[in-house]
Amino acid sequence: MSALEQRNQRHEVTSKAKWSTAAQGSEHTAGVIRFHFRLRPLADVEPWGDRSLHWFALTDGWYWIDVDGHTLFHHPSNADTGQPSPVNYYVARLWEDIQEVLPPLLEPVPADLVDRMTSDQDAWYRTGVEDTEAALDWYSGHVMYTSYLAAAPHILWWRSVADRDTITVDWRHPTESGINSTVPRQERASVPTELFLQAVEEFDRELIDAMDRRITEIEAGGLDPDVQLDFAQLRHEHQRRSGSLAAAMRHVPATDWTAVREGAARIFSTRTQ
């Protein structure tokens, strides 16, 4: 286990009491979907192994997603706090992963392939089936990265326009982990695409604004003098990241639907043999 993974495990235990106080003052914003986060107070952000910090590390905090009455990335009430607790990690992880999945997510999926995506998700992880690269790449583009989490859930996003223009998220928590969640272990929820995009843009704007305030605090002397940090590089990276959502939105996948369908047919024909 890496030092970073060990550090995250410690945070999962030690930060719950801190979070319980912060959560009491939080407000639930009405709406179909929202990406929530809180940054850890700057004084509590731990430098990495060489006493260094950078933009990603400075997003240390908590995050969760409210979608259609469900709360993802959230642990149920526990004996330490008596309250649910959100994922305790770097907020930039969720922010980057949403942007990574966004281009393929926004490309509408034909109805026949929606059924392929969801009827037997284990089939997509079989190996040794030839001529399936296009299908596997297409499918994996809709899967949100969660492997950094203990008992990582499988989270799949896609867009449908057959009846209504909607974004659907399908999540499946492993039953063998023994780790509870605040949502059903296997469920899905759909929201209008317009509201989803509004929520993504709001999340991006709020995180960029929060990090701008954090960097200003650092520039005013808010860090211990022994912490290594390149101030010019930090500002430069912040400026670059401020435009990353717009760049993701401009990227349009060039999906070869014939190759995807042929690959999916091979995967599922092998599965049934």
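The legends below describe close-up views of a predicted model.

**Figure 1. Overview of the predicted protein.** In this predicted model, local features need pLDDT of at least 70 and side-chain atom pairs count only at pLDDT 80 or more, while totals for chains, interfaces and linings use all residues. Residues are numbered from 1 along each chain as its sequence is written, and side-chain values use heavy atoms, with hydrogens and water left out. The secondary structure comprises 9 helices and 9 strands, taken as DSSP runs numbered from the N terminus (helices: H or I, at least four residues; strands: E, at least two). Of the 273 residues in the protein, 46% are buried, where buried means under 20% relative accessible area, exposed over 50%, and partly exposed in between (1.4 Å probe, protein chains only). Among contacts with a separation of 6 or more, 70% are between residues 24 or more positions apart, contact being defined as heavy atoms within 4.5 Å.

**Figure 2. Strand β1 and its partner β2.** Strand β1 (residues 33-39) has 6 of its 7 residues buried, so it is largely enclosed by the rest of the structure. It pairs with strand β2 (residues 60-67) in the antiparallel sense over 7 bridges, pairing requiring that DSSP finds at least two bridges between the strands.

Figure 3. The protein has 16 aromatic pairs, a pair being rings of Phe, Tyr and Trp (its six-membered ring) with centres within 6.5 Å, and planes under 30 degrees apart count as stacked, over 60 as edge-to-face and the rest as tilted. The rings of tryptophan 55 and tryptophan 95 have centres 5.4 Å apart and planes at 40 degrees, so this pair is tilted. It links distant parts of the chain, with tryptophan 55 in the loop between β1 and β2 and tryptophan 95 in helix α3 (residues 91-106), 40 residues apart. Tryptophan 55 is buried, with a relative accessible area of 0%, and tryptophan 95 is buried at 3%. Phenylalanine 56 and tyrosine 90 form another tilted pair, 5.2 Å centre to centre with 45 degrees between the planes. Phenylalanine 56 lies in the loop between β1 and β2, whereas tyrosine 90 lies in strand β5 (residues 85-90). Ring pairs link Trp48, Phe56, Tyr89, Tyr90, Tyr145 and Tyr148 into a cluster.

**Figure 4. Surroundings of histidine 238.** Histidine 238, found in helix α7 (residues 231-242), is buried, with a relative accessible area of 4%. Leaving aside neighbours within four places in sequence, histidine 238 is in contact with Trp55, Ile208, Met211, Asp212 and Ile215.

**Figure 5. Threonine 146 in its loop.** Threonine 146 lies in the loop between β6 (143-144) and β7 (154-160), and is buried, with a relative accessible area of 5%. Beyond its neighbours within four places in sequence, threonine 146 is in contact with Phe73, Ala152, Pro153 and Ile155. Phenylalanine 73 is 73 residues away from threonine 146 in sequence, yet the C-alpha to C-alpha distance is 9.8 Å.
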